[in-house]
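Hi everyone, thanks for making time this morning. I'd like to walk you through one protein model, so please have the picture open while I talk.

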Amino acid sequence: MTDFAASLVQNLKDLNAKERDHLMRFAYLGAANKYEENKDLWLSEQMKAALEPQLSKTHLDSSTRKCVFAGMDYHLDWLYAALVRTYCEGQESGPLDDGSECKDDSLRPVIGIQEDLDLLVVYADDQDRIVILCIEAKGIAPVDKLQLARKLVRLDRILVASGAKDRLQCRLVLIAPAGRAPESDSSCLEFVQSPPGEVRRQEMRDSLKLLSTDIGCEKIKDVFVELKGFPTNLQRVVRTRLASPDASAKQPFTSWKITKR
């Protein structure tokens, strides 16, 4: 890892206060040394293998590239701040102006709420080339088009406003069990825009048409990674009402049962 990539990684580490991420690395990877000193315990070998087809589409040198950072539930605010600190000579603060004439404050690079990526993964090679994989995972629930649209817009503005747009690659990756990928031959952008009624706000639709980067332009099938090992016979707990002879009278939810999910 070059000094520049190391600087980005340190900035990402400095902002990672997600206890779940630290717990999972300790529990599943055995990461017991000081977090600041960690250079290798980021992903399992199985996860690295699953991401390999995505990395082959990047400009990274396959002989020297390696995972240099991974963060679960990594906040988009943190990503923006880390990129600014890295690419703007240590800048620690600044105006929330991304040059987009944004009318919606909730789509700016920093919004002050916990909107995050399920997994942020950074790969780098020995030539100062860096790729950020923005991974969204789904198990049972389908892909939320509005949620994905928001993240595409914010990631685009984060890359532009931080100065990282032309200095690294940022790729969206969708991970889900086999057979649960969105059935669409469209790009991610086309997917979240169609049908229009599912992306409810006009501001969002307009913003998706004005992205300055190519994030979301790839076909969904080309950014899909199978989530291996996901259970196939899941069940769920549901509340139930008491039976009543009067069908029009709503009874309270006072019972429960286990049903097939």
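Helices (H or I, at least four residues) and strands (E, at least two) are DSSP runs, numbered from the N terminus.

With that in hand, look at the hairpin of β2 and β3: five residues lie between the strands, and D128 there takes a positive phi near 65 degrees. D128 has that positive phi although it is not a glycine. Buried or partly exposed, how does D128 count? At 38% relative accessibility, D128 counts as partly exposed. For these words, buried is under 20% relative accessible area, exposed is over 50%, and partly exposed is in between, with a 1.4 Å probe and protein chains only.

Now two housekeeping points. This is a predicted model, so local features need pLDDT of at least 70 and side-chain atom pairs count only at pLDDT 80 or more, while totals for chains, interfaces and linings use all residues. Residues are numbered from 1 along each chain as its sequence is written, and side-chain values use heavy atoms, with hydrogens and water left out.

Let's step back to the whole protein. There are seven helices and seven strands, and along the sequence they follow the pattern α-α-α-β-α-β-β-α-β-α-α-β-β-β. The C-alpha atoms fill a box of roughly 75 × 45 × 35 Å along the principal axes. Of the 261 residues, 43% count as buried.

Contact, for me, means heavy atoms within 4.5 Å. Among the contacts with a separation of 6 or more, 75% are between residues 24 or more positions apart.

On to the sheet. Five strands make an open sheet with mixed pairing, in the order β1-β2-β3-β4-β5. β1 (66-75) and β5 (224-226) stand at the edges with a single partner strand each, so one side of each is left without a neighbour in the sheet. Direction ignored, neighbouring strands are turned by 30 degrees against each other on average.

β1 pairs with β2 (residues 116-124) in the antiparallel sense, over eight bridges. If you want to find that pairing on your screen, G71 stands opposite L120, and H75 stands opposite D116. β2 and β3 also run antiparallel, joined by six bridges, and here V122 stands opposite I132. β2 itself is mostly covered, with eight of its nine residues buried.

Helix α4 (residues 76-87) packs on this sheet, touching β1, β2 and β3 (130-137), and its direction makes about 135 degrees with that of β1. For that angle, axes are lines fitted to C-alpha atoms, for helices over the stretch in contact, and angles run from 0 to 180 degrees between N-to-C directions.

There is another positive phi to look at. D73, in strand β1, has a phi near 50 degrees and is not glycine. D73 counts as buried, at 10% relative accessibility.

Last stop: V223, in the loop between α7 (202-208) and β5. Which residues does V223 touch, leaving aside its neighbours within four places in sequence? They are Q54, R171, L172, V173, L174, C188 and E218. V223 is buried, with a relative accessible area of 2%. V223 and P53 are 170 residues apart in sequence, yet 9.0 Å apart in space, C-alpha to C-alpha.

How values were computed:
Two strands pair if DSSP finds at least two bridges between them.
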